[in-house]
Amino acid sequence: MELVGSMFKVTANTDVLKKLPSPLFKIAAQTFIDKEFPRHIFVETTSACQLSCEYCPREKRNEHMDFELFKNIIDEGTHYGPRSWSLHLFGEPLLYPRILDAIKYIKSKNKNHTILLTTNGILLNRFIDELVSLKVDKIIWSWRRNNFTGETIQVLKKIGLVRLLIEETPKEEFEKWKTFPRVEIKSLHNYGGNIDVSKWGIQESSLPERYPCYHLWLAPAVRWNGEITFCCNIPTLGHEVLSKYPESSIQEAWKSERLKEIRQEHLNKVYKGACKNCTSWQAYPSIF
């Protein structure tokens, strides 16, 4: 596990999680929970993507977040101090026409804001100089075949993390990248039951007992159209919406009775809606 800027973020696979010092981790994670405003926010700057991966449940859309809406979201978060921001949900953030403006805006509002950029890497060579100069804190590259320049690889070694999906990374590529300075090795999960992972030979759960998902206490998401949801793994517009920005603020959604109800259900081991058949929870340790 690691502390990235203002975000208590876990980057490990399930086998590693079983070895974590659970009591210390849980104390640290619970201390990090902010009841007033989330520590980490996923902002779907764009729904566009150049790829059509079989395991991705995203709706095939090409919509971008209005930049004024984006600024309003950042402004609200800034009011609560340094936050951590991921500029994606199911789209490729480097396809957002104003991605550099977005990064500049976040850093201009609070130099201690943390930006995590998750990308398929296709456009990384083109943007790498700007991402460094704008002080992006971490680049998470979800492995796809790319011809990275030497400069891009050097940047990845400094501020990057390579995400390898066990079921999708060819053996030779897995061997090539598994010794990179920072690597996250994961199995596919089913995105709230939207993907049949059994096609890859994955059991629905490899852990003995289900526990509450950390997203509900640390990391909600705002879709490109302003819909606020409690999780980054719900791909369909209109599903599991807590409220919609700007009619309702993120803080109002964060403190809403609906989210309190879902949290309590998880603590009582009751899982409904998108949570009912979801397997993404097992990629992270229990925080309770």
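This is a predicted model: local features need pLDDT of at least 70, side-chain atom pairs count only at pLDDT 80 or more; totals for chains, interfaces and linings use all residues.
Which residues is Glu92 in contact with, leaving aside its neighbours within four places in sequence? Glu92 is in contact with Thr46, Ala48, Cys49, Gln50, Thr119, Asn120 and Gly121.

**Glu92, where it sits.** I looked up the secondary structure next. Glu92 falls in the loop between strand S4 (84-86) and helix H4 (99-109). Buried or exposed, I wondered about Glu92? The relative accessible area of Glu92 comes out at 3%, so I filed Glu92 as buried, the cut-off being under 20%.

**Glu92 and Thr119.** Glu92 and Thr119 are 27 residues apart in sequence, yet their C-alpha atoms are 6.0 Å apart in space. Their side chains make a polar contact with each other, at 2.9 Å.

**Thr78, where it sits.** Then I moved on to Thr78. I found Thr78 in helix H3, which covers residues 67-78. Thr78 has a relative accessible area of 17%; that is under 20%, so Thr78 goes down as buried too.

**Thr78, what its side chain does.** Which backbone oxygen does the side chain of Thr78 reach? I got that of Ile74, at 2.7 Å. I also noted a polar contact between the side chains of Thr78 and His113, at 2.9 Å. Not counting residues up to four places away in sequence, I have Thr78 touching Lys109, Asn110 and His113.

How values were computed
Residues are numbered from 1 along each chain as its sequence is written. Side-chain values use heavy atoms; hydrogens and water are left out. Helices (H or I, at least four residues) and strands (E, at least two) are DSSP runs, numbered from the N terminus. Buried means under 20% relative accessible area, exposed over 50%, partly exposed in between (1.4 Å probe, protein chains only). A polar contact is a pair of N or O atoms within 3.5 Å; within protein, one must be able to donate a hydrogen and the other to accept it, and residues adjacent in sequence count only if both atoms are side-chain atoms. Contact means heavy atoms within 4.5 Å.
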